[in-house]
Amino acid sequence: MSSAQLRLNLIEGSVTFSFTAEAAQEFKTAISALMTSLKAVANKTPGEKVQPQPSMEYQYTGDVFLECFCNPNIWPSPFAAKVLITVRDDRIRLTTEAELTRTIEDLNEFIETNG
């Protein structure tokens with residue numbers, strides 16, 4: 001299983017690391033489920049009580065450890081949502097936010113190029 005470089009654009013800057021096509025598909029599946037949850041929260045009518053949606057917690061272990069977390073219950077729409085991204089190895093740990101829409105674009109670009 002070969003890996004390529006995934007570049008995730010953050011709110012300020014970016015991070016690039018080795019990632020596999022298989023992991024990218026799993027990440028995309030997790031984000032698709034998150035989008036469904038975000039749409040359920042966003043499409044409620046005023047005064048309607050919505051069932052709390054599960055958070056997305058995606059993890060990947062390869063050359064680095066990647067974790068992506070998002071609670072869909074706190075965002076008014078998928079376009080406003082941000083994800084918490086952690087990338088770490090034995091020497092460094094980076095934890096920051098990224099816009100969900102930008103993360104989806106970065107992931108789709110990776111899949112088109114390497115998928």
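**Helix packing and the nonpolar core**

Analyst: The protein has 115 residues, for which a compact globule would have a radius of gyration near 13 Å; the value for the protein is 15 Å, which agrees. The model is a predicted one. Along the principal axes, its C-alpha atoms fill a box of roughly 50 × 30 × 20 Å. Of the 115 residues, 37% are buried. Among contacts with a separation of 6 or more, 47% join residues 24 or more positions apart.

The protein contains two helices and six strands, and these follow the pattern β-β-α-β-β-β-β-α along the sequence.

The two helices, α1 and α2, pack at an angle of about 145°, and their axes lie 10 Å apart. The crossing of α1 and α2 is left-handed. On the α1 side, the contact is made by Ala21, Ala24, Gln25, Phe27, Lys28, Ile31, Leu34, Met35 and Leu38. Helix α2 contributes Leu100, Thr103, Ile104, Leu107, Asn108, Phe110, Ile111 and Asn114. Sorted by class, the contact of α1 with α2 has 12 nonpolar, four polar and one charged residues.

In soluble globular proteins, nonpolar side chains tend to be buried together. In the present model, the largest nonpolar core has 31 residues, of which Phe17, Phe19, Phe27, Tyr58, Leu66, Val83 and Ile85 touch the most other members. Two or more residues of this core come from each of β1 (3-9), β2 (14-20), α1 (21-42), β3 (56-61), β4 (65-70), β5 (82-88) and α2 (100-114). Helix α1 gives the largest share of the core, seven residues.

Phe27 links these two descriptions: this residue of α1 belongs to the contact with α2 and is also among the core residues that touch the most other members. Setting aside residues up to four places away in sequence, Phe27 touches Phe19, Tyr58, Leu66, Cys68, Thr103 and Leu107. Of these partners, Thr103 and Leu107 are part of the α2 side of the helix contact, while Phe19, Tyr58 and Leu66 are named with Phe27 among the core members that touch the most others.

A further position in helix α1 is Ser37. Because its relative accessibility is 6%, Ser37 counts as buried. Beyond its neighbours within four places in sequence, Ser37 is in contact with Gln53, Pro54 and Pro72.

Conventions
Residues are numbered from 1 along each chain as its sequence is written. This is a predicted model: local features need pLDDT of at least 70, side-chain atom pairs count only at pLDDT 80 or more; totals for chains, interfaces and linings use all residues. Side-chain values use heavy atoms; hydrogens and water are left out. A nonpolar core is a set of buried Ala, Val, Leu, Ile, Met, Phe, Trp, Tyr and Cys residues joined through side-chain atoms within 4.5 Å. Buried means under 20% relative accessible area, exposed over 50%, partly exposed in between (1.4 Å probe, protein chains only). Helices (H or I, at least four residues) and strands (E, at least two) are DSSP runs, numbered from the N terminus. Contact means heavy atoms within 4.5 Å. Axes are lines fitted to C-alpha atoms, for helices over the stretch in contact, and angles run from 0 to 180 degrees between N-to-C directions. A crossing is left-handed if the near helix is turned anticlockwise from the far one by less than a right angle, and right-handed if clockwise. Ala, Val, Leu, Ile, Met, Phe, Trp, Tyr, Cys and Pro count as nonpolar, Asp, Glu, Lys and Arg as charged, and the others, Gly among them, as polar. The radius of gyration is taken over C-alpha atoms; the globule rule is 2.2 Å times the number of residues to the power 0.38.
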